[in-house]
Structures are given as structure tokens and as C-alpha cells.
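Thanks for coming. I will show one model today and go through its contacts piece by piece.

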Amino acid sequence: MTELRFHWGSALDSGQKKSAQKYQAELLDIDGAIEFAQDADALGVESLLMAQSYSLPDPLPIVGALVRETKRVKFILAYRPGLLSPTLFTQLVNTVSWMSDGRISLNIVAGISPAEQAYYGDFLPHDARYARSNEFLEILHRFWNGETPLTYSGEHYRLQDAQLGLGFKGGGRPEIYISGASGVAQETAVKYGDCWFRYGDTPEEIAKAAAPIVARGCRVGLRMQVLARETREEALADLEQVMSGADEEHKAFVGKFVAAADSQAVKNSLRLAEEAGHGWMSPVLWSGAVAYRGGPALCLVGSYQEVAAYLMEYKAAGVGEFIFSGWPARDEMRHFFTRVLPLVRELERGGRPSSELELSGSVEAHR
């Protein structure tokens with residue numbers, strides 16, 4: 001049976017200890033980012049997601065720095081079609097592949113907010129952004145399939161006799177992750193991607209969404225948060241701590257941002273949290289940080305055994321991989337990869353982790 005794959009959000013603010021406060025993104029601590037990536041390397045993290053947002057440093061030059069300071073960990077570069085020409089973008093990715101011995105994957109994101117897209121001079125509506133993404137990805141695939149010179153004429157891109165001297169290291173191409181909850185996002189993932197990534201939900205609801213995607217030969221992954229401790233009581237105590245000092249002004253900002261967004265994924269995540277009263281969606285799935293952090297903050301909370309067992313429910317639902325984050329990021333990454341991951345592997349081998357706790361009972365009993 002194929003093992004679950006686990007990635008982590010590369011926290012440039014990895015020293016931040018709260019989940020209900022605004023990102024501290026005014027400064028770039030590149031030394032801290034290098035140390036975090038080296039920790040991930042040593043822990044056996046498969047990949048670090050390098051997110052893209054107007055509020056964060058651009059991930060591309062940071063990836064170029066981090067690949068030279070690490071040996072094994074891969075980097076999932078998030079990028080939006082429309083910011084760079086597909087020829088230049090392919091050239092940049094190919095270059096990083098040689099700098100890293102192929103340790104780069106792509107997370108293609110069409111954009112979640114018309115307001116943010118306008119910051120970059122992009123005024124296309126939601127579905128048109130995906131149409132452009134499809135053209136972008138078609139061109140990338142044709143480059144990596146060795147088509148040269150490449151001439152292309154589409155609605156959004158036009159190339160004439162495009163050629164690149166440097167191919168992807170080792171031939172082939174990077175893995176491609178496509179994010180989004182809409183039907184057009186799913187179609188893009190199936191046609192041009194290797195994995196459809198979405199925000200979390202209960203395993204029962206994820207199974208409904210994953211089944212048709214998996215049936216068409218595309219993997220399914222979840223972007224979530226995790227907080228796991230030796231006991232459930234410790235996990236709940238630490239959850240209270242990381243949520244203390246909540247920034248209500250930032251919560252209001254997130255609410256306005258979501259209201260103006262045209263992303264189904266973003267809107268759905270806040271809707272799910274509201275329906276759960278910003279509390280427990282299941283005995284292990286907690287939605288209280290979503291109002292402060294958005295969709296990725298839907299959080300698995302519990303003992304190491306509880307979280308491991310719940311991950312197996314997601315696996316049974318068709319999920320193949322996860323990108324996790326946590327607070328503080330470095331501490332939570334260590335908890336997960338040293339304590340939860342071994343239990344997951346034991347369960348995947350058909351064993352039962354010692355002191356396994358049952359997950360039955362009402363949500364109220366696990367508050």
C-alpha cells in the first residue's frame with residue numbers, strides 16, 4: 001500500500017508562537033528560514049511549501065537560497081500564472097532544478113482575490129484566470145516534453161519559436177500541484193497536474209470530493225494545520241495557549257478579505273468554520289483558527305495516537321498527501337515527524353500503536 005506523503009509549510013515567521021495573530025512579515029529573516037529548512041531536512045520532511053502572497057517575500061529567490069543550504073528536502077514553489085511569461089518561468093524552474101538536483105515541485109495557484117490580483121495588474125475574473133492557467137501549464141508541459149522550437153497562439157499567451165538551452169535536471173519535469181475547490185480547478189488538476197490540493201474537511205466529506213478525482217488518475221492532498229501532544233489534555237492546553245491574545249482587528253481584516261475573494265476554497269473554509277460555531281467539526285478537527293488564518297488553519301488536535309488514527313481515515317477517504325503547518329512552526333514540525341509519523345507508518349503496516357485511544361463519542365465529550 002502506498003504510504004501517505006507529508007510536507008510542511010515553510011514558515012518564514014517560524015518563531016511566531018500564536019495562531020490567532022497577524023503574520024509578522026515586515027522583515028525577512030533569511031538566516032531563520034535557512035535554519036528552519038535545515039531542521040526539516042534533518043527530520044525527513046519530504047517538501048516545504050513556499051507560499052506566494054503580496055504579504056510575504058517572493059518565494060522564488062528564497063528557494064534559490066534554501067536549496068544550496070539543504071541536501072534532501074524538496075521545495076514546492078507556489079506561483080501564479082500571469083506574473084511571468086511561461087518561457088521565463090520554465091527557464092527559472094529548470095535553473096533551480098540544477099541548483100537543487102531536481103528538488104523542486106510546483107503549486108500552481110490561479111489567485112484567490114480580485115483585489116490582490118489587481119495589485120499585480122491582473123484583472124481577469126475567476127474562470128478566466130483558470131483558462132490562462134491551463135494555457136500556461138500546456139506550454140510548460142510542451143517545453144518539458146522536449147518540443148523545440150515552440151510556437152503557441154492562445155487567448156492569453158503567444159510564443160514564436162521559443163527555445164530553452166537548459167532543460168529540467170535529469171529530464172522529465174517537476175511534480176505539479178493544483179490548488180482550488182472549484183470545478184475548473186479540479187479539471188485543471190486532472191488535465192495538467194499530478195495532485196489536486198484543497199483545504200480540509202471531515203474525512204466523510206473529503207471522500208465525496210476525492211472519489212471522482214482519484215478515479216481519473218489524479219492524487220488528492222489536503223492543506224491543514226496540526227497540533228499533537230502526548231495526551232489529549234496537553235493538546236487542548238497548548239491549543240488554548242496558541243490561540244491566546246487573539247488579534248480581533250486581524251480577524252476583521254480576514255473576514256473582509258474573504259468577503260471580497262472569488263475563491264470557492266477560501267469561502268468554503270470560512271463557511272465550514274461558521275457552521276461549526278468556530279469549534280469542533282469532529283472529535284479531532286477544530287475550526288477555531290480559520291477566522292484568523294483562513295482555510296489552511298483547519299486543525300487536527302489531539303494526542304499523537306488520535307491524530308495518527310484520524311490521518312488513516314483521510315487515507316481511506318482517498319487522500320494521498322498533506323501539507324501541514326503549526327504554531328510554533330518548528331516545534332510542531334518536530335512533534336509531528338518524530339512522534340506522529342512513526343505511528344502512521346505502524347498503522348500503514350497493519351499494526352496498532354500502543355496506547356491507541358478510541359475516537360468514538362460526541363464532539364462535546366472531547367472539548
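This is a predicted model: local features need pLDDT of at least 70, side-chain atom pairs count only at pLDDT 80 or more; totals for chains, interfaces and linings use all residues.

Residues are numbered from 1 along each chain as its sequence is written, and side-chain values use heavy atoms, with hydrogens and water left out.

Back to D238. Its salt-bridge partner is R229, and the closest N and O atoms of the two are 2.6 Å apart. By salt bridge I mean a side-chain nitrogen of Lys or Arg within 4 Å of a carboxyl oxygen of Asp or Glu. R229 is buried, at a relative accessible area of 7%. There is also a network: salt bridges with shared partners join R5, E46, K74, E175, R219 and E321.

How many salt bridges does the structure hold? The count is 27. One of them is between the side chains of E35 and R330, at 3.9 Å from N to O. E35 lies in helix α1 (residues 30-43) and R330 in helix α13, so the pair ties together parts that are 295 residues apart in sequence. Helices here are DSSP runs of H or I with at least four residues, strands are runs of E with at least two, and both are numbered from the N terminus. E35 itself is partly exposed, with 42% relative accessible area.

Another salt bridge joins the side chains of K74 and E46, at 4.0 Å from N to O. This pair links distant parts of the chain, 28 residues apart: K74 is in strand β3 (residues 74-79), and E46 is in the loop between α1 and β2 (47-50). Both ends are partly exposed, K74 at 28% relative accessibility and E46 at 21%.

Next, helix α8. Which residues of α8 are buried? In this helix, residues 232-242, they are R232, A235, L239 and V242. They cover an arc of only 90° around the axis, which puts them on the same side of α8; the arc is that of the directions from the helix axis to the C-beta atoms. As a reminder, an α-helix has 3.6 residues a turn, so residues three or four places apart point the same way. On the other side of α8, E233 and E240 are exposed. The cover over the buried residues of α8 includes β9 (219-229), β10 (285-286), β11 (299-303) and α12 (304-316), where contact means heavy atoms within 4.5 Å.

Now the nonpolar cores. A core is a set of buried Ala, Val, Leu, Ile, Met, Phe, Trp, Tyr and Cys residues joined through side-chain atoms within 4.5 Å. The largest has 99 residues, and those touching the most other members are F6, W8, L300, L311, Y314, F322 and F324. Helix α13 (residues 329-348) gives the most to this core, nine residues. Take L300: leaving aside neighbours within four places in sequence, its contacts include M224, V226, L227, V284, L285, V307, L311, Y314 and F324. A second, separate core has seven residues, among them A78, Y177, C195 and F197.

That brings up cysteines. How many disulfides are there? Taking a disulfide as a pair of cysteine sulfur atoms within 2.5 Å, the count is zero. C195 is in none, and the nearest cysteine sulfur, that of C218, is 6.1 Å away. C195 is buried, with a relative accessible area of 0%. C299 is also buried, at 1% relative accessibility.

Last, D194, which sits in the loop between α6 (183-192) and β8 (195-199). Is D194 buried or exposed? At 17% relative accessibility, D194 counts as buried. Its side chain makes a polar contact of 2.9 Å with the side chain of R173. A polar contact is a pair of N or O atoms within 3.5 Å; within protein, one must be able to donate a hydrogen and the other to accept it, and residues adjacent in sequence count only if both atoms are side-chain atoms. A polar atom of the D194 side chain also lies 2.8 Å from the backbone nitrogen of I176. Beyond its neighbours within four places in sequence, D194 is in contact with R173, P174, E175, I176, A189, C218 and R219.

Note on methods:
Buried means under 20% relative accessible area, exposed over 50%, partly exposed in between (1.4 Å probe, protein chains only).
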